[in-house]
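My notes follow in the order I took them.

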Amino acid sequence: MGETLDVGVVGVGAMGRHHARVYNELSGATLIGVADANADRAKQIADENGVRACDSAELCKQADAVSIAVPTRYHAEVARQCIDAGTGMLIEKPLVVKTATGRDLIDAADAEDVTLQVGHIERFNPVTEVLDEILADIDVISVSAKRLGPSVDRTVEDSAVTDLMIHDIDLICHLLPSAVSDIQVSGAAQGRYATATLEFASGVIGSLTASRVTEKKIRQFKITADSCYVTADFIDQSLEVHRQSVPEYVATDNEVRYRHESIVEKPAVRTGEPLKRELESFLDAVQTNSQPRVTGEDGIQAVELAQTIDRKAFDTGSSEGEFTTNAQTD
């Protein structure tokens, strides 16, 4: 990156405070302020980062780029402030509550030549880059994604689908681009646990599980292909590729036993903090006026699928923005 950009963060709760921290660490950014509806929290995070707490509209006018990490229902309001000020924005996922609102924001940002990136952070996990390379050379049959964890000690307005599973929805759509032709779902625990099976036009099957009631944090992908089996851990930032499984019978101590042996490859992963990589990419898009790696349309697609799964799993009632398939609920 060339010149340093003045940046701000609107919403400095559980996620936004980390945006402020990382911006303060980036050589290409100067954090000039933070904003939050909670004045005490805004002052605390501002003091920690040596900046001032201010009004969101004022911050959007003064900054070159802003992270929007307020609750989802306020995303559009702050995004409009950025568009009016001509300020690039990274909007945390999920992009919006209503997809029609999201499309209006995309159109308005395009009209004013304002960068709009969506915060699907797993796109910037080093593991994803390696998966991109591996999947380019194999024929995928199925993908199993698990995003599990215990209950959190803060208020979360979104269900396990729109808060957690949406990460894996976006990843599958990115890694295996194909139209979704069918969706089967199940839900439990008042929105805190859900499973979904997506069938793609390409024939690939995606099985996704999201949970806020599992007493172990898991962020895993498992991919079955004709020639190999791939496991990826987004927490450890590690991968294994199992190839050439060979069955054989082995005689030992007058007994014949059956076993399978395979070659296990462990591709090198250049580990690093995904949020730092995400914000660096965002600032580069703002500075070069280029298309961000995660576009508004990517965000809309993930929201549409997540809302369809939510409605079928928990009978949320609203079909606004629903992803059109011929799916039948289990």
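Of the contacts in the chain between residues at least 6 apart in sequence, what percentage join residues at least 24 apart? I looked that up first, and 66% of them do, with contact meaning heavy atoms within 4.5 Å.

**Ground rules**

I am working with a predicted model, where local features need pLDDT of at least 70 and side-chain atom pairs count only at pLDDT 80 or more, while totals for chains, interfaces and linings use all residues. Residues are numbered from 1 along each chain as its sequence is written, and side-chain values use heavy atoms, with hydrogens and water left out.

**The whole chain**

I found nine helices and 14 strands in the chain; these are DSSP runs numbered from the N terminus, with helices being H or I of at least four residues and strands E of at least two. I then checked burial: 50% of the 330 residues count as buried. Buried means under 20% relative accessible area, exposed over 50%, and partly exposed in between, with a 1.4 Å probe and protein chains only. The accessible surface of the chain is about 15,600 Å², and carbon and sulfur atoms hold 44% of that surface. Such areas come from the Shrake-Rupley method with a 1.4 Å probe, and for residues only the protein chains shown count as cover.

**Helix α7 against helix α9**

Two packed helices are described by the angle between their axes and the distance between the axes. At what angle do α7 and α9 pack? I noted about 125° for α7 (residues 160-175) and α9 (residues 296-314), with the axes 9 Å apart. The axes are lines fitted to C-alpha atoms, for helices over the stretch in contact, and the angles run from 0 to 180 degrees between N-to-C directions. The pair is therefore oblique, given that angles under 35 degrees count as roughly parallel, over 145 as roughly antiparallel, 65 to 115 as roughly perpendicular and the rest as oblique.

The crossing of α7 and α9 is right-handed; that is the name if the near helix is turned clockwise from the far one by less than a right angle, and left-handed if anticlockwise. On the α7 side I listed residues including V161, M165, I169 and C173, and on the α9 side residues including A302, L305, I309 and F314. By class, this contact has eleven nonpolar, two polar and three charged residues. Here Ala, Val, Leu, Ile, Met, Phe, Trp, Tyr, Cys and Pro count as nonpolar, Asp, Glu, Lys and Arg as charged, and the others, Gly among them, as polar.

I stopped at I309 in α9, which counts as buried because its relative accessibility is 0%. Beyond its neighbours within four places in sequence, I309 touches V161, M165, I169, I183, V185, A196 and L198. I309 and T162 are 147 residues apart in sequence, yet their C-alpha atoms are 9.1 Å apart in space.

M165 turned up again when I looked at T209, among whose contacts are M165, L148 and Y193. T209 sits in strand β10 (residues 205-211) and is buried at 14% relative accessibility.

**Helix α6 against helix α7**

The axes of α6 (residues 126-135) and α7 come within 11 Å and cross at roughly 35°, again in a right-handed crossing. T128, L131, D132 and L135 in α6 meet L171, H174 and L175 in α7. I count four nonpolar, two polar and one charged residue in that contact.

**Helix α4 against helix α5**

Next came α4 (residues 75-85) and α5 (residues 99-111), at about 10° with axes 10 Å apart, so they are roughly parallel. A76, A79, R80 and I83 in α4 meet T101, D104, L105, A108 and A109 in α5. That contact divides into six nonpolar, one polar and two charged residues. The buried residues of α4 are H75, V78, A79, Q81, C82 and I83.

Most residues other than glycine have a negative phi, and most peptide bonds are trans. Where is the peptide bond that is cis? I found one from K93 to P94, with omega near -15°; P94 is in the loop between β5 and α5.

A189 has a positive phi of about 60° and lies in the loop between β8 and β9. Q237, in the loop between β12 and β13, has a positive phi of about 55°. A189 is partly exposed at 23% relative accessible area, whereas Q237 is buried at 13%.
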